[in-house]
Amino acid sequence: MKLTGAEITIRCLQAEGVDHIFGYPGGAVLFIYDELCKQNKVKHILVRHEQAAVHAADGYARSSRKTGVALVTSGPGVTNAVTGIATAYMDSIPMVIISGQVPTYAIGLDAFQEVDTVGITRPCVKHNFLVKDITELATTIKKAFYIASTGRPGPVLVDIPKDISQQKTEFSYPDSVFMRSYDPIIKVSLEQVKKAAQLILGAKRPMIYAGGGVILSNASTQLINLVQIMGFPCTNTLMGLGGYPATDKFFVGMLGMHGTYEANMAMQDCDVLIAIGARFDDRVIGNPKHFSNNERKIVHIDIDPSSISKRVKVDVPIIGDISDVLDDLIRLLRIDKEKLDLIALRAWWTQINLWRERDCLKYDRASTIIKPQMVIERLYEITKGDAFITSDVGQHQMWAAQFYKFDKPRRWINSGGLGTMGFGLPAAMGVQFVNPGSTVACVTGEASIQMCIQELSTCKQYNLPLKIINLNNRYMGMVRQWQEFFHGNRYAESYMDALPDFVKLAESYGHVGMKIESPGDIESALREAFKLKNRLVFMDFITDQTENVFPMIPGGKGLSEMILV
Amino acid sequence: MRHIISLLIENEAGGLSRVAGLFSARGYNIESLTVAPTEDSTLSRMTIVTIGSDDVVEQIIKQLNKLIDVIKVLNLSDGDHIEYELMLVKIHVTDKNREVIKHTTDTFSGHIVDTTDISYTIKLTGTTSKLDTFINTIGHSSILETVRTGASGIGRGERTLKV
């Protein structure tokens, strides 16, 4: 039987097992929407802005093991989506974006709502397609899901002109695709793993540095095994939080620009570094020249060869899926474990524990003004460390990363690479859809939240009982902090003037609003909010305007050059 | 360091912009780029001449390999290879310089492919530096225009780049 391009699109999504897609209709996707409403397997979530559709699909993917799907129209639909696509690209999130395009015969004629979608998105997608022939539509969508979810994952966009969605052809969905130019299956080199094992067993001051790749590869169990067997200190990057349990004794905290003193010092001073699914980026190791002042051997495990020796030269690269590599590595390490210099390792831990005593995350707990760190600590206690936490970008993001101890992977959802303000709320929506019944909180600030505040309406429509923790310091806090440290206290345009009354704002969308102004009220307010299981609660915490995030490695400085509180 | 990179890419719309976009987005340098379909019309072959340190070129090759449409990448500079560039150059001729230009063209194994009373168009192939030398020998003042293809390269002997 012949189906239209629109019908084929929906049938493909059904065949991929897609249960939710996030989108916004428009002229070029009208046929697709018409088919969407004729079925109920794929549930469409109507957002209020295309950026939010992509962030929601992103949160959906990050908090599950599935591929997120977004659907937007041509022109402004796509350009609005670009921020979301770039966000997903920077963090390697599996996602398929379907965009409408003007009809093939109108392409290039500056048609209404025409934009060169493939051109605009090219630098921020893993791959993209423009479907010019309806007979290639089904295979193209199959390829999109395949590319998005394999290898180093990433967003893939399929641009479908309106006439293609209207034309008819025979439909059959391929079971698999073969692409001679793309083969994500990597056979791990056992030779390299052996070399790594040898290096690791000879370590006197070992360090395990694990990033978002561990989460993406679902390799948490293997990472835990590795750390527990060897007894090595382990740090996570911002993207890797939850990859190793934060409450475990071997965990030394997050590293990097706002990482703990002990994690950064151990990273700088170790003699053998095992980097797993992490990419030595500027927010992690700071200045690479300073990093290389200390001699160390580096084992780097990553699925993407281009991550190897990009910023830091490594000694033993191992290309492959982290789960596979760690299985092999652990097997080899177990055999020769007694070769490990336990005396040296004990001395190393003594040193690390001395660094820990520095208590780098301390803050004034007796303050009469709400300290944002305290809000996160109470949030952690009240949710028993088991909530899904999304965040926006800035100081609140760093405090959430520092003070919420993530013990499980895929619980910490934030825009690490692109640093997209406005990510938190729509991402939380996606998290809630794929984890119904779970506690989902969005830690945000009064600046970030206003970048996608319109999604409070989406939350109302679908009764999403999110808890929004707004750390309101009336500043773009991180901008203000940099201005204080590096720009002579000149707070150029970082003050958030003319703020709305967030309580009334929440209420006007049909939600519950709360304003909390005293440290003594933090806990009771949080308890009250989380008791409201079926309501979205917007909690506006009025926090200390002058609080800064410590430790801090200033831009261009090295790991051991932290500013401490 | 100058490197000459050869690659095979699916012969589909947008392939060139993916490669060119990668170079501009990551701040890599392109000295020249040539592209045309191969004997198998589903494949295009590109030759890219770039200048960069070994580290940068290693990254360029990894990043090129990462492009979904790219099938194979080879750094020709890693081994023995042959490279040729084609140049067409139009030269203003007078009674005074006519013979000299003919002679120089012969010396460089070039061919005069078009003539008028006042101009010669010369076809010349060779390495980039040979073509540069020809231009310097003729002298810039008598050159009306030049067009160059950029280098095309191929490995010597058994060294092949094939699917």
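**View 1. Helices α16(A) and α22(A) cross in a right-handed sense.** Welcome to this predicted model; we start inside chain A. The residues that make this contact are A:M374, A:V375, A:R378, A:L379 and A:I382 on α16(A), together with A:I522, A:E523, A:L526, A:R527 and A:F530 on α22(A). Sorted by class, the contact holds seven nonpolar, no polar and three charged residues. Helix α16 spans residues 372-382 of chain A and helix α22 spans residues 522-531 of chain A; their axes come within 10 Å and cross at roughly 45°. The two helices, α16(A) and α22(A), are therefore oblique to each other.

**View 2. Chain B carries an open sheet of four strands.** Follow the strands in the order β2-β3-β1-β4, and you will find antiparallel pairing. At the edges sit β2 (32-37) and β4 (70-75) of chain B, each of which pairs on one side only. From one strand to the next, the twist averages 15°.

**View 3. Strands β1 and β3 of chain B pair in the antiparallel sense.** Here β1 covers residues 2-10 and β3 covers residues 43-51, and nine bridges join these strands. For a landmark, look for B:I4, which stands opposite B:V49 in β3(B).

**View 4. Helix α2 of chain B lies across β1, β3 and β4 of chain B.** This helix is made of residues 54-66, and it runs at about 165° to β4(B).

**View 5. Chain A meets chain B.** Twelve residues from chain A and 16 residues from chain B take part in the contact. On the side of chain A that touches chain B, there are five nonpolar, four polar and three charged residues.

Technical notes. Residues numbered from 1 in each chain as written. Chains lettered and ligands numbered in written order. Predicted model: local features only at pLDDT ≥ 70, side-chain atom pairs only at ≥ 80, totals over all residues. Contact = placed C-beta atoms within 7 Å. Nonpolar A, V, L, I, M, F, W, Y, C, P; charged D, E, K, R; others polar. Axes fitted to C-alpha atoms, helices over the stretch in contact; angles between N-to-C directions. Parallel < 35°, antiparallel > 145°, perpendicular 65-115°, else oblique. Left-handed = near helix turned anticlockwise from the far one by under 90°. Pairing = 2+ DSSP bridges.
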